[in-house]
Amino acid sequence: MGIALGAAVFSGVAAGVAVWQGQAASRSAKSAERQAKAAEDQVLLMLRQMEREDDDRHIALQPDFQVSGHLDRGEGRHINEPRGLLTVSHKGGAALESVTVRASGADVRGVYLETRSEEFTSTPEVELGAMTDGTEQSFGVAFDYNVMTPVRTELVFTCQERNGSGRWDVHRVISLSELPPPAPRWLGGTRGVR
């Protein structure tokens, strides 16, 4: 009987040790789980910070464009083909491999690159080419023949960074009016003097 009692006590102690080891292992596993979750959260935080830094860099390198121009109703055979004659200036930001422009708004028929003296075909968008800080490029916007001034024109410049992967859509709005007629030139000198 003593042996059986000793075996029972030994078994009880062994069972208690096993339960204690199981609880310790469970606590250890939960602790490891918390540490893994904390490490995962740290990685996600680091990735978000890197994304914000990339976003900040992207915003800092966004091209800054200034657009100017006027409406030209034309002469001769171009009289019913009003066109916006525009110039875009690259005032800062990344050097660009390519710039494409699209125009929209009431009475807009498309954009083109040709000059007034040449035949032209307006298309939904045109490639302006590479641009860097300080460069300018001219283009035109074709309008319906009965366009009223000032005409509000929305422009979207799609840009690809030259030495990187940056892409931007830069939006500009311009109001185009006709240039005032030139001042009359008086023949024979000063007006009113004989």
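Strands here are DSSP runs of E with at least two residues, while helices would be H or I runs of at least four, all numbered from the N terminus. Before I go on, a word on the model. It's a predicted one, so local features need pLDDT of at least 70, side-chain atom pairs count only at pLDDT 80 or more, and totals for chains, interfaces and linings use all residues. Residues are numbered from 1 along each chain as its sequence is written, and side-chain values use heavy atoms, with hydrogens and water left out.

Back to the sheet. That bridge is one of 7 joining strand 2 to strand 6, and the two run antiparallel. For strands to count as paired, DSSP has to find at least two bridges between them. On the other pairing, 9 bridges join strand 1 to strand 2, again antiparallel. If you want to find that pairing on the screen, look for V67 opposite V88 in strand 2, and for D72 opposite R83, also in strand 2. Then there's strand 4, joined to strand 6 by 4 bridges, antiparallel as well, with G110 standing opposite A142 in strand 6.

Put together, that's an open sheet of 4 strands in the order 1-2-6-4, with antiparallel pairing. Strand 1 and strand 4 are at the edges with a single partner strand each, so one side of each has no neighbour in the sheet. The twist averages 25° from one strand to the next, with axes being lines fitted to C-alpha atoms (for helices, over the stretch in contact) and angles running from 0 to 180 degrees between N-to-C directions.

Buried means under 20% relative accessible area, exposed means over 50%, and partly exposed is in between, using a 1.4 Å probe and protein chains only. Strand 2 is also largely enclosed by the rest of the structure, since 7 of its 10 residues are buried.

K91, though, lies in strand 2 and counts as partly exposed because its relative accessibility is 46%. Its C-alpha atom is 5.3 Å from that of D64, 27 residues away along the chain. Leaving aside neighbours within four places in sequence, K91 is in contact (heavy atoms within 4.5 Å) with D64, Q66 and D133.

Now for the inside. The largest nonpolar core has 27 residues, and F65, F139, V141, L155 and F157 touch the most other members. By nonpolar core I mean buried Ala, Val, Leu, Ile, Met, Phe, Trp, Tyr and Cys residues joined through side-chain atoms within 4.5 Å. Among the elements giving two or more residues to this core are strand 3 (96-104), strand 5 (125-131), strand 7 and strand 8 (167-176).

F65, F139 and F157 are linked into a cluster by ring pairs. The rule takes rings of Phe, Tyr and Trp (its six-membered ring) with centres within 6.5 Å; planes under 30 degrees apart are stacked, over 60 edge-to-face, and the rest tilted. That gives 2 aromatic pairs. F65 and F157 are a tilted pair, because their planes are at 50°, with the centres 5.0 Å apart. This pair links distant parts of the chain, F65 in strand 1 and F157 in strand 7, 92 residues apart. F139 and F157 are edge-to-face, at 6.2 Å centre to centre and 85° between the planes. F139 is in strand 6 and F157 in strand 7, so this pair ties together parts 18 residues apart in sequence. As for burial, F65 has a relative accessible area of 4%, and F157 sits at 0%.

Is T158 buried or exposed? It's buried, because its relative accessible area is 13%. What do the polar contacts of the T158 side chain look like? It reaches the side chain of D169 at 2.9 Å, and the side chain of R102 at 3.2 Å. A polar contact is a pair of N or O atoms within 3.5 Å; within protein, one must be able to donate a hydrogen and the other to accept it, and residues adjacent in sequence count only if both atoms are side-chain atoms.

Last stop, T100 in strand 3. T100 is buried too, at 14% relative accessibility, and its side chain makes a polar contact of 3.0 Å with the side chain of E127. Not counting residues up to four places away in sequence, T100 touches residues including F157 and T158.
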